[in-house]
Amino acid sequence: RLQGDWSSDVCSSDLTEGPQAGEVHAELMQVRTDLQGKGFVQPLLLNSLNLYDHMGLKKITMEANIDVGGYAWPRYGFLPTNNGSKMGWDGIYIKMHMWDKSRELGIKMDDEMKRLLDSKDPIAMRALAALPQAKPLLLGSRYNAEMDLTDKDSEEMYRRHCIKETV
């Protein structure tokens, strides 16, 4: 049974066994604000992925939110869930947050952003997070996310992002 929390001077997280066999749920991963963007977290994330692989886990679930999670996690290969939940890709929260934030910040949604938001496929979130103009709209967004560890593209994206950030 997997359960526990870990913390350090850099970041903390709470991991629990997911609802399905082979799943882990990462709860409330927080990085000290003064250390964000300084390259401390990526080695920890990469080691976590290696541990999950070693344990034979197949999926990581989480709620992407708080400050940068809604923007950062798709860049690591996580996707919003597509399970009928209002907190998933097929729900309303992500899209409403982005439309509200675009009005609040005066950012005009271009055709590419609209096309991606209208997509039924949650993989569109990765393309959306790659658009520089979408970053301020995704910051502070909140949604359920998951990464399929059996999907080699997702795992490679995670590893590549960790390595790129530490070089």
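1. Arg160 and Glu156 lie four residues apart in helix H7 (residues 152-166), so about one helical turn separates them. The model is a predicted one, and in it the side chains of Arg160 and Glu156 form a salt bridge with an N to O distance of 3.8 Å. Arg160 is partly exposed, at 47% relative accessibility, and Glu156 is likewise partly exposed, at 41%.

2. A second pair is found in helix H3 (residues 93-105), where Arg103 and Asp100 are three residues apart and hence separated by about one helical turn. Their side chains meet in a salt bridge of 2.7 Å, N to O. Arg103 is exposed because its relative accessibility of 56% lies over the 50% cut-off. Asp100, with a relative accessible area of 39%, is partly exposed.

3. Which parts of the chain does the pair Lys59 and Glu23 link? The side chains of Lys59 and Glu23 form a salt bridge (3.8 Å, N to O). This pair connects distant parts of the chain, since Lys59 belongs to strand S4 (residues 59-64) and Glu23 to strand S3 (residues 23-31), 36 residues apart. Glu23 is buried because its relative accessibility of 9% is under the 20% cut-off. Lys59, by contrast, is partly exposed, with a relative accessible area of 24%.

4. Salt bridges also join residues into a network, whose members are Asp53, Lys152, Glu155 and Arg159.

5. As to the overall tally, the count of salt bridges in the model is nine.

Methods
Residues numbered from 1 in each chain as written. Predicted model: local features only at pLDDT ≥ 70, side-chain atom pairs only at ≥ 80, totals over all residues. Heavy atoms only, no water. Salt bridge = Lys/Arg side-chain N within 4 Å of Asp/Glu carboxyl O. Helix = DSSP H or I, 4+ residues; strand = E, 2+ residues; numbered from the N terminus. Buried < 20%, exposed > 50% of the residue type's maximum accessible area, 1.4 Å probe, protein only.
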